[in-house]
2 protein chains.
Amino acid sequence: MTSNLPTAVDPRALTEVLDGRWAHVRRDAREHLHDPGLLPVYGESVAEARERVTRVARVLAESGRVALGFPKEYGGADDAGGAIVSVEMLAFQDLSVMVKAGVQWGLFGGAVQLLGTERHHAAYLRDIMSFDLPGCFAMTETGHGSDVQQLRTTCTYDPATQTFDLHTPHEAARKDYIGNAARDGRMAVVFAQLVTQGEGRGVHAWLVPIRDEQGNPLPGVTIGDDGPKAGLNGVDNGRLSFDHVRVPREMLLDRYGQVAEDGAYTSTIEHETRRFFTMLGTLVRGRVSVGGSASSATKLALDIAVRYGEVRRQFTAPRGDREVAINDYLAHQRKLLPALAATYAYTFAQEELVSTMHDVQGADQVDERAQRELESRAAGLKAAQTWHATRTIQLCREACGGAGYLQENRLPHLKADTDVFTTFEGDNTVLLQLVAKGLLTGYRDAFGSLDGWGRVGFVADMVRETVLERTAARGLIARLVDAVPGRDDEVPMLDRGWQLKVFEDREKHTLESAIRRLRRGAATASSATPAPDPFDVFNDVQDHVLQAAQAHIDRIVLEAFVAGIERTTDDAARALLDRLCDLYALSTVEAHKGWFLEHGRLTAPRAKALTATVNALLRELRPYMVTLVDAFAIPEDWKGAAILREEAARQEAMHAHDTTTHDTVLPAGTATAVEVPPGQ
Amino acid sequence: MTSNLPTAVDPRALTEVLDGRWAHVRRDAREHLHDPGLLPVYGESVAEARERVTRVARVLAESGRVALGFPKEYGGADDAGGAIVSVEMLAFQDLSVMVKAGVQWGLFGGAVQLLGTERHHAAYLRDIMSFDLPGCFAMTETGHGSDVQQLRTTCTYDPATQTFDLHTPHEAARKDYIGNAARDGRMAVVFAQLVTQGEGRGVHAWLVPIRDEQGNPLPGVTIGDDGPKAGLNGVDNGRLSFDHVRVPREMLLDRYGQVAEDGAYTSTIEHETRRFFTMLGTLVRGRVSVGGSASSATKLALDIAVRYGEVRRQFTAPRGDREVAINDYLAHQRKLLPALAATYAYTFAQEELVSTMHDVQGADQVDERAQRELESRAAGLKAAQTWHATRTIQLCREACGGAGYLQENRLPHLKADTDVFTTFEGDNTVLLQLVAKGLLTGYRDAFGSLDGWGRVGFVADMVRETVLERTAARGLIARLVDAVPGRDDEVPMLDRGWQLKVFEDREKHTLESAIRRLRRGAATASSATPAPDPFDVFNDVQDHVLQAAQAHIDRIVLEAFVAGIERTTDDAARALLDRLCDLYALSTVEAHKGWFLEHGRLTAPRAKALTATVNALLRELRPYMVTLVDAFAIPEDWKGAAILREEAARQEAMHAHDTTTHDTVLPAGTATAVEVPPGQ
């Protein structure tokens, strides 16, 4: 493959495409977010970290930059997308600050805004925005993290006193991992089972004071501390228990369900499960911002590792006059470049997601189908981006060797702080299952009833039609796919249509075969044997179903990359993105080579050619590695990695010294590239 | 597949096999190593951690348990294997203590013992063993971690004063990441380029005082602190620079190279590179103990995740009367069980490695071939076990959800502390390359000269013959492989001979095709074009060569598992290990399914059957998950994970409460297994 890439690509042209619809929010953050408290401090204690982060939260509140998502009438901007992007930008600095902001203005403030009604807004929103009222989002319990419909905290209405009785019946019902609980929170949005007139009405939320003005727990409220964590130690996660706490009737956040003075329950959404998921659905913003923040942290880690690999040298090549830059090793490129390509891909997918969320939530009419699709997309991209972050930051840490292990080089914080992203705001495996369920029910709707299907009680009843639903650039993608000639194994692998087609094919086939297996499992019910346990039917296929979800996410991410390239007007930037997209597509196919071979989608010779093509792409993209991280446009003072300041000068000083003294001191022979020392 | 496993397996029978040759050392540790200072303390500062670990190092020294590896004449036991196993046992508690011990008695003490001579032993070994003389192993420099043959520190002999002049010419030559340097070290074994009579003689080591009795740096010595790290904060890693420090002639550790009063240099090993690697080779113990310690940490993480998954419940099945234990989900089994199987496999491989090391190093005659093979094995298993640790501990963290992120549940420390294992004592990628080089040169020796081979200057000249060299249980393995009938695709996948054969085949084919590619690359030299750059020839094939190394390691690990089963006398334990070995073998084949399909080693139907067989093995092994971690025999007070003490009781209390109140409070419908909340 001969490279037809331009010799120089202006990273600013790439930045413009990556910045997307909320470019103004990103530029504003790069220009103004420079408070030193926003950076992680190495070696600080848990108490010091919490203190600093609380102080910085006030600074952020005063800047007004956190208010974007709130209603204009309370000083906000009704800009849900902008609010998400603001949080993503915070994630380039201390992730504790990002999470603290996410808890206060995203989860807590968002719940009051979206689950509450006018009187709650009028009474509390301004103080929430200013951080004068720090609060908690108290949903998760020690015993229920993934299945929150089964929360065990109860809130029982008593018409005699016109108050609710909020109660934690046992330790598994204790609220746990709650941000702002251990130190700062004055109130909490508490999720509990509503009981009124002797009947359970499902999970609802109340706004509950938990501390007095002096910061002491209120009567009946027990507050615990989750203590030191793996990371995010600037966030004061804690535990809340309630011993028959009286909550006034009007503190029920009653947008979706109301309790009258006499205890009569009303709601515009009749079905309890549906009501619950409608309530949860309004809170999708949290999940979207975690995915985006994971992506920011990934970019910073790649920025550090790529720049270090550019100047760091090790082992002299036989004919070299100095040591080889580690970015020149194929094994190093194999680590960093596919991760970089995937990071670009996810950035485009995240941009599309934020934009969709902004439009869906800002629409006058609630479009239930669009809402469901948004939730599925948010779940899938949250899982994909946070796993990608965990893997990539680990890889960047290792790519910096011992230096990557020192806090002064930033990677330890990035790694420890983002680690929990794979399980909070929804455990990733459970989220993938949510995506799969959307696909399965969508399939049923699109193709009619499936024999025996109804017996698999595990599949819920909501209407979704997400199967092969096209993302942005629909028309273009369909044209590219349609233009692929019949014989797959003759199409060049760099043909975008072929790439799109095999991604689509993998999703469709994986899903269809999962459905066939589910159907077979359920169908044994009609034989002489007793009906199979629906759990066993589903569980036997669980890994397969999760693969279908993964294939779906891979496809929407590739399509988003294609749409992003389509928006690129600068020719050089576009050419580079085109190649990077090839790398994303083909390294993904390579990672799933087994599937493609097993299902006759790749012949053996073509599978071998695939590896060679990926390696050729790495060689072609090698000279652009620094350009690709330059395009992330991360301000220097946000990075705080000592090696970025020091390593280049060190290498030059060594080189200058070597050229005068080398002969008398160092061994004459060529160093072999493969020997290593014990370390310490 | 119908299970033929016994209904009960006594974990003690498994423990006995896992404990192996140094069972007495393991039992002694389980019985006596119970100082509270040996456990990590959550939330302690860097200063507090260093203080505690230093204190505990003295306790360990007094126990005599660290002396096993030293000569009997100085109070040791000449038991190199026992010394490694002692360190592995420390790794079940605070890994900072393990590393501190490894630095003091493994690296520092080991260098004095193995590179020094009688006068060094007499003067220093006792004080090293008692920790009265804390010391450093100062090899790595800021500029050279992997390629230590190119260290830039110089040590120049001056016959006039009969001293060496030790000097750090620039910052890249600064000693870095050196354990015991920042706080405790009084002396250091410093590696530097020896220059005498105007000639460079390559890297040698000197014993150099760095601090006085009051702990102040000695004149000319500059000591820096690496500061807080991602983990291992109880170890005081630091930096050392020398400004023309005078070192007496007798402080050269002169076992392999001597400098006479007049500066004349002598050595029994003439070739400089060979001398250097002989010196390094004696230090293989460090690498062996890091691999083993990674395995201990992995076992503890699995112990925590498996026990939590056994009592933790989430989502109610349609016909269930309570929620499903998360170990019952296929997706959860897919995470934990293959990791558990691989951990067993590595344990057997590590046992074999330690035993080989003990015998090779204890032999009267130096067997150079055995020495080289040992180094290659140590490198490969260090890389494999530390990557496995990083992956598995991450997976266990995620398997425990938010609880896994709290320090009180131990996993954060395990994760952060072991992270650096993948790059210290040799960067794993560089170590794999070392393994590959051994295979390549072994191949050349076994099969004669390869055309054009000599032109690939990157391949070194040492003699190795490791290709398909059998591990323990040679005879048994050969018999099993030979018994496999011709048509591979008709042999049952649970046939051990077939499994062994496909592992062997993958190694052999990957290696041979890498060699063909190298040969082709080098051969283009004979055409009209100029000779290719040997670096490019090697670099183009680097990923392929690393795969060959990985395939080699996978094979020796499987063979070690088979040998371990062969040693098992208890029938029930043996049956269970047999199944677990099937899972290790088949999940490894599954992970490399693409390769096997691409190379015609698996047909498509057989690849599909493989997935079904792995799932069937998971179902069959599910009831034994707790038995399999029981067998690790980790004392309760070493675990220090709050969820292990609390979760079971919490679940029972909830269940008891639910059975009385459930109907009035919780929603009537079946929970769907796929919905998740936003978290915080």
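Two strands count as paired here if DSSP finds at least two bridges between them. In this predicted model, strand E4 of chain A and strand E8 (residues 238–242) of chain A are joined by two bridges and run antiparallel. Within that stretch of chain A, A:Lys175 sits opposite A:Leu240 of E8(A). The pairing belongs to an open sheet of three strands in chain A, ordered E4-E8-E7 and antiparallel. Strand E4 (175–178) and strand E7 (221–225) of chain A are the edges, each pairing on one side only. On average, neighbouring strands of the sheet are turned by 20° against each other, direction ignored.

Next, the contact between the chains. On the chain A side 136 residues take part, and they touch 137 residues of chain B. The size of an interface is often given as the accessible area lost when the parts come together. For chain A and chain B the buried area is about 11800 Å², with 56% of it on carbon and sulfur atoms. Charged pairs turn up too: the rule finds 18 salt bridges across the interface of chain A and chain B. One of the salt bridges links the side chains of A:Arg650 and B:Glu171, at 2.9 Å from N to O.

As for cysteines, the count of disulfides over all chains is zero. A:Cys396 is in no disulfide, and the nearest cysteine sulfur, that of A:Cys400, lies 6.9 Å away, whereas the cut-off is within 2.5 Å. A:Cys396 is buried, at a relative accessible area of 0%. A:Cys581 is buried as well, with a relative accessible area of 0%.

Terms used. Residues are numbered from 1 along each chain as its sequence is written. Chains are lettered from A and ligands numbered from 1 in the order in which they are written. This is a predicted model: local features need pLDDT of at least 70, side-chain atom pairs count only at pLDDT 80 or more; totals for chains, interfaces and linings use all residues. Side-chain values use heavy atoms; hydrogens and water are left out. Buried means under 20% relative accessible area, exposed over 50%, partly exposed in between (1.4 Å probe, protein chains only). Helices (H or I, at least four residues) and strands (E, at least two) are DSSP runs, numbered from the N terminus. Axes are lines fitted to C-alpha atoms, for helices over the stretch in contact, and angles run from 0 to 180 degrees between N-to-C directions. Contact means heavy atoms within 4.5 Å. Buried area is the accessible area (1.4 Å probe) that two parts lose on being put together, summed over both. A salt bridge is a side-chain nitrogen of Lys or Arg within 4 Å of a carboxyl oxygen of Asp or Glu.
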